[in-house]
Amino acid sequence: MDFERILIDGLRAAVGPEAVIYALAAIGLNMHFGYTGLLNFGQAGFMLVGAYGVSITVVTFGGSMWLGILVGLLAAAFLALLLGIPTLRLRADYLAIVTIAAAEILRFVFRSSAANPVTRGVFGQQQFADAFYAINPIPEGAYGFWLISFGSHRRLWVIVVGWGLVLLCCLLVWALVRSPWGRVLKSIREDEDAARSLGKNVFSYKMQSLVLGGAIGSLGGMVLVIFQQQNHPDIWLPLVTFYAYTILILGGPARVFGPVAGSVIFWFLLSSFDTFLRQARATGVVPPELLGTEALGAIRLATVGLALMLLMAFRPQGIFGHRREMQLDV
Amino acid sequence: MRSLATLVLGVLLVVAALGAGGALAEDDNAEDGGEAIRGTLTAEGEPVPGVTIVAFDADGNEVGAGQSDDQGEWRIPMPGPGEYSATLDEATLPDDVELRDPERGTLEFSLRTGQERTLLFPLGEDERVLARFLPRASQALLNGIIFGLIIAMAAIGLSLVFGTTGLVNFAHGELVTFGAVMAFFINVAAGPGSLLWAAPVAVIGGAALGAGLERGLWRPLRDRKTGLIQLLVISIGLSLLLRNLIQLFYGGRSRPYLDYAVQQALQFGWVRITPRDLIVVVASLIVLSSVGVLLLKTRLGKAMRAVSDNRDLAESSGIDVKQVILIIWLMGGGLAALGGVFLGVVENVSYLMGFRLLLLMFAGVILGGLGTAFGAMVGSMVVGIVTEMSTLWFSTELKFVWALAIMALVLLLRPQGILGVKERIG
């Protein structure tokens with residue numbers, strides 16, 4: 001068993017694009033769930049429209065990628081409005097069902113052959129982020145220090161820009177939630193009727209939170225497809241949202257850096273666990289026929305599920321949160 | 001629905017039933033020793049040139065593409081053995097040619113080392129478009145009723161659990177999968193003909209799992225005064241856990257039961273139904289009406305409805321609420337397992353089948369009014385029928401979209417559902 005390898009793989013993912021992408025998704029969810037108490041289970045849908053905003057603008061319409069990013073952000077805001085108008089008046093559990101359904105509707109529609117001319121359906125879209133890599137100032141080569149590998153200059157460029165984006169979003173959230181606006185959000189989370197009786201327009205505040213969190217989530221979607229240079233409807237499964245929730249609750253909801261810490265820890269654990277299982281197979285500790293690629297994936301997901309259950313049952317405030325802030329109820 | 005597949009050539013039906021995923025013939029004499037896929041595209045006996053076919057690996061990455069030549073033949077070299085899918089790009093088909101079955105535009109298959117595999121994309125005019133409207137509509141209605149009955153059976157537990165405990169259980173779909181998979185293992189171990197008794201055993205297993213979850217997980221959590229939103233998130237974790245544990249034992253493939261996989265459809269006027277589907281319909285009707293009688297005519301049913309209506313009031317009038325909730329979990333788990341077995345009979349068994357059904361169950365339950373058993377039945381029937389009838393006008397790929405869209409619309413206009421009682425839910 002090569003423990004250094006396990007550590008290296010864990011660290012590589014903990015600072016890599018995966019952690020960036022899910023940190024952004026979870027920061028958006030933190031806005032929704034952590035600060036406003038909105039149970040949005042359709043974050044994958046916001047990421048989908050962000051990602052397709054970029055890829056459709058470039059591949060289908062031949063526009064610039066930077067325009068595409070703007071389109072993606074606008075699309076996410078539009079989705080939030082479209083979704084929020086009917087659902088924000090509903091109770092939290094209804095909101096959860098409708099948002100997850102909306103995300104699935106989007107995925108079905110984008111992968112259908114009727115949408116083929118625009119989205120290329122199940123073929124997906126490729127090679128739309130050349131503009132991003134064209135301005136990469138980092139000289140060619142492989143980077144890393146100590147045990148942390150950043151990979152190629154392309155991957156490092158994504159990492160640098162990505163973490164910069166995460167930092168900006170954290171700053172934004174930090175500034176917003178300590179403002180009077182943020183205090184209204186928290187009061188809505190704690191007691192909607194009380195906020196309403198003080199004359200606050202609860203619906204409007206919830207909507208603003210949904211738009212903002214959705215837009216931040218869509219940034220995560222964009223980073224993912226710009227990094228991979230390909231977009232496909234089946235990237236955006238409900239599982240993406242579930243990962244983001246696990247990360248949010250791991251780090252601690254209603255804390256500015258909770259989602260960031262959660263994402264780093266989550267990807268460190270997930271990747272090193274993966275390598276650990278692979279090594280257990282390679283060294284014959286576990287018979288290889290018991291542990292195929294399929295089984296590895298299943299064990300990994302089952303573990304995430306178990307972790308989510310245990311966290312929510314025993315430590316809903318995560319690592320850095322306050323228990324006081326997680327006394328949510330429908 | 002399998003019954004749609006009966007419209008395709010008989011050969012294809014056999015292939016689909018064997019779960020071969022679309023491979024008609026296997027040819028081990030590869031020309032250059034490498035793995036490849038090939039085929040010939042013809043429509044009405046004429047070759048179809050210039051059609052693009054793209055191959056993907058299991059993660060959805062493109063691994064190769066090819067075009068049919070003047071003889072309609074195409075060939076794509078593949079990177080190695082493994083699980084793949086191939087998609088025919090319908091946009092490159094000539095205007096007068098279509099996939100005979102739009103659902104078979106993407107084929108999944110596995111490759112062995114050195115294997116050159118032939119894939120068949122049946123082309124021609126879509127027979128469903130050719131058939132007259134009324135017969136097609138009746139057939140879609142029948143398919144919808146079958147699907148709706150299955151959703152209804154699976155969704156009753158979901159609705160009653162919500163009514164009595166307020167839990168929105170995202171892990172309910174896994175009870176469905178559990179029943180189907182358990183019956184599958186018994187069926188395979190005991191050989192053909194065993195499904196008839198494997199189904200009741202699976203129902204008992206599902207009931208035991210439901211009750212076990214209530215006793216081992218949900219009741220302790222309620223006793224700890226865990227909030228409802230927390231419970232909802234825990235149920236999502238549970239769903240991930242159970243689904244992937246099932247996958248660990250069952251595998252990722254979708255397979256049919258040994259029994260009743262291939263059957264000749266019976267013709268009744270405009271509609272065709274296999275004896276297998278007919279049995280599913282009759283059995284579902286019997287089970288659902290028994291549940292109705294139980295709820296309306298027995299003391300236990302009255303207690304269930306009372307707890308669902310107002311828990312505190314029921315408790316203060318002497319009903320053992322904990323026991324009633326446990327019985328609801330027993331019943332809900334058993335019904336979900338039975339729904340899973342039926343779904344496995346009508347379609348196939350896979351580890352994802354319950355999760356795929358979950359959103360439709362939610363749609364049915366919300367349509368009918370969350371928390372009521374009869375509402376769940378009515379709403380689920382609507383969902384099943386809308387899903388299948390939509391294929392008359394729209395692409396089958398989008399059939400679930402309509403059911404989910406109707407759910408959103410109902411929430412907007414009548415949030416308490418068709419049979420629900422009006423109360424503030426916002």
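These legends cover close-up views of a predicted model.

**View 1. The interface of chain B and chain A.** Chain A contributes 54 residues to the contact and chain B contributes 52. About 4,600 Å² is buried between the two chains. Carbon and sulfur atoms account for 75% of that area.

**View 2. Polar pairs across the interface.** Three residue pairs are in polar contact between chain B and chain A, with both residues of each pair at pLDDT 80 or more. Salt bridges between the two chains number zero.

**View 3. The side of chain B that touches chain A.** Strand 5 (52-57) and strand 8 (82-88) of chain B each supply at least two residues. So do helix 6 (195-223), helix 7 (228-250), helix 12 (353-368) and helix 14 (399-413) of chain B. Helix 7 of chain B gives the most, with 16 residues. By class, this side of chain B holds 34 nonpolar, eleven polar and seven charged residues.

**View 4. An open sheet of four strands in chain B.** The strand order is 6-5-8-10, and the pairing is antiparallel. Strand 6 (62-67) and strand 10 (106-111) of chain B stand at the edges. Each has a single partner strand, so one side of each lacks a neighbour in the sheet. From one strand to the next, the twist averages 25°.

**View 5. Strand 5 and strand 8 of chain B.** Five bridges join strand 5 of chain B to strand 8 of chain B in the antiparallel sense. Val54(B) stands opposite Thr87(B), a residue of strand 8 of chain B. Both strands also supply residues to the side of chain B that touches chain A.

Key
Residues are numbered from 1 along each chain as its sequence is written. Chains are lettered from A and ligands numbered from 1 in the order in which they are written. This is a predicted model: local features need pLDDT of at least 70, side-chain atom pairs count only at pLDDT 80 or more; totals for chains, interfaces and linings use all residues. Side-chain values use heavy atoms; hydrogens and water are left out. Contact means heavy atoms within 4.5 Å. Buried area is the accessible area (1.4 Å probe) that two parts lose on being put together, summed over both. A salt bridge is a side-chain nitrogen of Lys or Arg within 4 Å of a carboxyl oxygen of Asp or Glu. A polar contact is a pair of N or O atoms within 3.5 Å; within protein, one must be able to donate a hydrogen and the other to accept it, and residues adjacent in sequence count only if both atoms are side-chain atoms. Ala, Val, Leu, Ile, Met, Phe, Trp, Tyr, Cys and Pro count as nonpolar, Asp, Glu, Lys and Arg as charged, and the others, Gly among them, as polar. Two strands pair if DSSP finds at least two bridges between them. Axes are lines fitted to C-alpha atoms, for helices over the stretch in contact, and angles run from 0 to 180 degrees between N-to-C directions.
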